[in-house]
Structure formats: structure tokens, C-alpha cells
Amino acid sequence: MNTPVAGPGTLAEQILRGVGGAENIESLTHCATRLRFQLHDGAKADAAALDALDGVMATVPQSGDRLQIVIGGAVARVYSEIMNLPSMSGGGTPGPKSDADVKAAMRAKSRGRYAVVDNFFEYLSDSFRPLMGVLLGSSLIIAIASVLDALGFVDFRAADKSATWVFVDAMWRSVLYFLPIMVAYNAAKKLKIDPWVGAAVMAAVMTPNFTGMLNPKSGIPGITCTTNGTLGTQECVAHVFGLPMQLNDYGGQVFVPLLMVALLALVYKGLQRVFPEAVHLVFVPFFSMLIMIPITAFLIGPLGVWAGNGLGEGLSWLNGNAPIVFAILIPLLYPFLVPLGLHWPLNALMLVNINTLGYDFIQGPMGAWNFACFGATAGVLLLSLRHREKEMRQTATGALAAGLLGGISEPSLYGIHLRFKRIYPRMLVGCLVGGVIVGVLGGVDTKAFAFTSLLTIPVFSPMATYGIAITAAFFVSMALVYFSDFRTPEDRVQANAERDAAEAASRGEAAAADDRELVTVGASAVGATTAVGASTATASASSAGAPAPASTPAKGTELAAPVAGRVVGLDEVGDPVFASRALGEGVGIEPADGRIVAPVDGELIIVAATGHAFGIRTADGVEVLIHIGIDTVQMRGEGFDVRVEAGTQVSVGDLLAEVDLDAVRAAEHPTVTLMTVTNTADLTSVEPHTGQTVAAGAPVVTVRR
């Protein structure tokens, strides 16, 4: 039997009783209008009693023991009051965990036998996942360039390219060259240290001051350069503080920042224990940089490059002495070399082979790995279509296009494969099959340095051998991933349940599934009291097109689109709270860009600290909520550039924020932007105009008082 919710106490205390007490709360967060509970046992929550509380606008149970309670503009205060209750302090019961703790616990449930391996892949995945958007963008630029190269419009390997094509090179190299700095930033965040310190340490060995020493003609004293006989690369040593320091160009090297940040985390956290907290900001970054920049330049950086160079020399020996073993080994090694950046020295070896031998023997077997990788991505794409997984479908489609047209594996690796550990064993089978075919049929050579894509198949010889090998690698990996899935059975059940719940909510069936009706209220999302019953029925009828009870037509006020894009109804946005109209009638817009503007003249009464929500009240009392994306509060402001402050007056078209939609997608949140009239129940009608594609500022909702 549930504990009675109503009774003495504040709203915070009543809500806590209603969700089953502090001991039933696994985590609690809030966004601009609602409390978000992750409960240990969702059955202990008394949704009906919570709905009846004065101050609660609606209660929305969700799958996975999640519960949302719509409060409105007072949500931050209520959240603070709940968190400050004595029972929430952990006295006798575990306190609520953060979102990060909950995610870590969920990952722990699906760990394999070897925790070290799981942690290693999580470290890699979290270091690269936020870069998915820019990696995909740069790889698609490469894909377009590769098409032009294959069609003979331009030779991207020519030494005398025009300024136009040199600039095109810069467009995609901006990401791949500075990838070490970006990886260092993300890796530092993963290990819970200041990410800017990680970025700064890596950037120190990529500045023009450092790379300028690689030029033997720079005139800087104390620098000597030699040539690597096998790779044909130049190796320079500078004498710094009287010690020899090997100089390298660290562009594109990701093994170096991953190793550096792992050591930096130990140094950084050690310094935090040494210095008083009051001076952390000054001394911890200072000493971290003072210690780690020399260690990176003298030790970690050269270690990463030595590993890559040694690998290149070993493969050259292996191909000369055991070519069949070499053809099999290359596609099996590449899936582990590419995430660490250790494949870059092999590119130098490929170019040396072409210049000295007139052909290269690495790229043919490497193609088996690439197409096994793309085949695994194709399997994920087919499953995402089968299971109606919109976000994964978008990611896999872009990654597959970049792979097949541009020969780029990074979007597939960092966006998909490293996130789901079931993919790698299946992909390796495809790599093995392709490598065996290349080895048994006598090997594959090429006289050109080419991205291994569909467009470059003709540059390999024998072309038939290469075509058979990459086709087999592609379809073996695709079939294994598709028929055995990239999710565990438990993860698949959960993913399907969440999808079905979202689809049911978008069709307005969530209430029936829960055997209850969600109360649609017309109270303001900025703290007005709840209004239910007749006024709600009137608002619902009006928004559905039924005649308003007023005897004369009311004058209409037009609300403009806050962003350009396609206008949809609230039933289609995939959020049960908005679909229930608990936050009023309105529209959703699938945004065409990230520029968010004011839809109406009025006063800004809500500006969420995370930048994902805004509330505006017009002079005649219409209260409008703009909510960017679904569950984007979890991004904690990343990708949201807010341009306004609460309490200011805005006019239609004034810029509220600029949003990085790629960052929202990379965080796996829907980008749909919602606009609702939160005091719908106080108005004669709110009429959404859906099914159109509009520019920002075009009318999309008519409000009649």
C-alpha cells in the first residue's frame, strides 16, 4: 500500500512521499518545467495522488522506472527543496546518484569478464563520441574530393594544386590534423579533470614554434636531422635544456593524447590533494602543464611515434618473408591501429613503396578491413530500419556514405563500433575472410595512394581479386551484425520498450497503456496555479478546432516560428509530456538550422541556465514556452549559445540562442524545437498550423483570447 501523499508538509515533502520516499530515488534531475525521477521501483509511485497535489501540473510515468512530474516555472525551487530535505542527505539510506553515476551503473551491468578491456573501450569511445559531428563533416568533404579525384577533375596527390584545392584540403584537414587536441579535451573530461589542461598540453607540441623546429633550414641552433631508411621519413632531434628531444609532427596522432591524458589525470588529481582547494584554480593547472608538457615532448610523444614506425618496419619485413601471413594480418590489425592513430606511419610507408618500388602492397589487404568495417555499419543500418531507431539510422547512414564513397572508417568506428562491443568480434570475421582471399589469390598491389572506397576499386591489381575480397568482407560482417544484433538481448528489449513508449506517446496512446488519463492543464509553466476541469476541456476543444464558447469571434494573435523548419503537431514530437498538452497546446518544428528567435513580443520570464528553454509573456498575458530538443537539459549547456537574459524585453525575430544541432544529435537527443502556450486553458483557443515548412518568423500558431 502506498504511503499517503496528501497531508501536512510542503510540496517537496508531499512529492517525496508520492514517489515512494528517498530510498526509492535512484536519481533526480530537472529541466525548465519538470522533475525527472529515476526510481528503483516505479510501482511504488502514486501517480494519481501526485496529480492531485496543488502545484503539480501533471505526472507522466515512463518505461524503465522513470517518472516525470510537471511543475512549471517553480521547478528549480521545488527541486532545491526536495534535495535539501533531511531524508535526501543520505542519513541511513543512499542518496540519489548523478546521471553519470546511473549511466556507469547501467554500463557495469553489461560488462564482460575483463573489466580492464571494458574500461579501455569506454575510454576510447567517450574520447571520440563528441567528435562524431565534425569527423563526419570532414569525412564527407573527403568523400566529395575523392569522387572528383576518381572522375579525373583534379589530382589530389599533385604537388602543384591550385589555391582552391589547397583550401579544400584545409577544410577537412582542420579536423584530422588537430584531432589530438580534441581527443585530449574529451579524454580529460572522461577522467574528470580540467579538459582545457589536457587540450593545452597537447597543443603545446603542435604550435608553429614546435613544428617549426622540424625544418632543418629554420636556422635554430641545436637541431640535427636524419632520414629513416625504411620509411623515408625525416627524423629531427633538438637539444633542449641540454637533453635530446625527438621532434615529430603530431598531427592526426591520437595514441599520444590518450596516453598523455591517462598520466595527466594522475598528476592533476595528485596536485589537487597537495594544494588547498582555495588555490586549485591557480596552481593545479600551472604545475600540471609545467610537468606534463615536457614529459609529452620528451617521452610520450616519441613513444607513440616510435611504436608506429616500428610497426611499419616490421610489416615491411613480414611482407617480404611471409606475404600470405601479411595479407591476413593487415586487415586484422587495422581495427585496433586506427582507433589509436597508429595507422598513420603506414601511410608514409605506402607512399615510400610507391616512390621506390613503383607499387604498394599494404593498401590491398587494408581494403578488406575497410569494407568489413563498412559492412558492419550496413548491418547496424539495416537493424535500425527494422527497429525504427531514428538516431542510429541517421548516424549509420552518414557513416556508411563516408565509408563507401570516401573510404573513411572513423565515423563508423567512433560513432558506432566502439560504442557497442558486440560489433568488433563480428567485424573481425569479415576482416579475416577478406584477408584470406587476398593471401590465397596471390596478393593485391596498387600504383597509387588511394582511399579504399567503391570509387577507387579500378586502381587495384588484380582488380577481380580485390573486388572479391572486399565484397566477401563487406557481406560477411553485415550478415553477422544483422543476424546476431549489435545490442545484447537485454539492451535490445530495453531499447525496443523505450521506442514503443515514445511511439505510443506520440500517437496519444500512452495514457491508455498506463490505464489512466494524463491531466491536461492550462496553468502557466512559470508558476501559475493549476487549472483543470472545464477550462481544460474548453482549451482542448478549441485547440482541436471545436467552436469556442464565446458569443463573438475573438481577435487572433499570431505566434511566429522560433526556428526555420517543418512544423508538426505535438503528438508527433515523441515526448509524452508535450503530447499530453500538460504544458499547453502548440507545435513542434524539425529545425533546419540552429538559430532560435523570439516568436512574439514580450518579456523573457524564463531563460534556462542550460540554454535549452525560454519563456516569454506578452503584454496581454499570453505565456509562451520555447523548448529546444528533447531531454537536452542533460547536455548541461554544451552546444547552446544563449544571447539573452531573463527579465529583458524581446521583439519578434530577436535572437535568443544559437544551437549546435550536430552536438545535439551527437548526444543522441532529438532536435525538434517545441513551442507551446502554457496558459492555454485561460484562452478561447490555441490553433496550431502544422504540415508546412516555414522560415523563422512565419506564423505557426493563432491564439484567441
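F374 counts as buried because its relative accessibility is 0%, where buried denotes under 20% relative accessible area, exposed over 50%, and partly exposed the range in between (1.4 Å probe, protein chains only). The model is predicted, so that local features need pLDDT of at least 70 and side-chain atom pairs count only at pLDDT 80 or more, while totals for chains, interfaces and linings use all residues. Residues are numbered from 1 along each chain as its sequence is written, and side-chain values use heavy atoms, with hydrogens and water left out.

The ring of F374 forms an aromatic pair with that of F371, in an edge-to-face arrangement with 5.5 Å centre to centre and 70 degrees between the planes. Rings of Phe, Tyr and Trp (its six-membered ring) pair if their centres lie within 6.5 Å; planes under 30 degrees apart count as stacked, over 60 as edge-to-face and the rest as tilted. Because F371 and F374 are three residues apart in helix α15, about one helical turn separates them. Helices (H or I, at least four residues) and strands (E, at least two) are DSSP runs, numbered from the N terminus. F371 also counts as buried, at 3% relative accessibility.

The structure holds 14 aromatic pairs. One of them joins F326 and F361, edge-to-face, at 5.5 Å centre to centre with 70 degrees between the planes. This pair links distant parts of the chain: F326 belongs to helix α13 (residues 323-340), whereas F361 lies in the loop between α14 (344-356) and α15 (363-386), 35 residues apart. F326 has 1% relative accessibility and therefore counts as buried; F361, at 8%, counts as buried as well. Elsewhere, ring pairs link F275, F283, F286 and F287 into a cluster.

Attention now turns to the strands. Four of them form an open sheet in the order β1-β2-β4-β3, with antiparallel pairing; two strands pair if DSSP finds at least two bridges between them. β1 (25-30) and β3 (58-62) stand at the edges with a single partner strand each, so one side of each has no neighbour in the sheet. On average, neighbouring strands of this sheet are turned by 15 degrees against each other, direction ignored. Axes are lines fitted to C-alpha atoms, for helices over the stretch in contact, and angles run from 0 to 180 degrees between N-to-C directions. Strand β2 (residues 34-39) and strand β4 (residues 66-70) run antiparallel and are joined by five bridges. L35 has I69 as its bridge partner in β4. Helix α3 (residues 75-83) packs on the sheet and touches β1 and β2, its direction making about 150 degrees with that of β1; contact means heavy atoms within 4.5 Å.

Strand β20 (residues 673-677) is mostly covered, with five of its five residues buried. Both of its faces are covered: T673, M675 and V677 are buried on one side, and L674 and T676 on the other. Strand β12 (residues 585-591) pairs with β20 in the antiparallel sense over five bridges, and G588 has L674 as its bridge partner in β20. Strand β16 (residues 623-628) likewise pairs with β20 in the antiparallel sense over five bridges, with T673 in β20 as the bridge partner of I628.

Finally, helix α7 (residues 163-177) has a kink of about 35 degrees centred on M171. The bend at a residue is the angle between axes fitted to the seven residues ending there and the seven starting there. V168, D169, W172, V175 and L176 are buried in α7.
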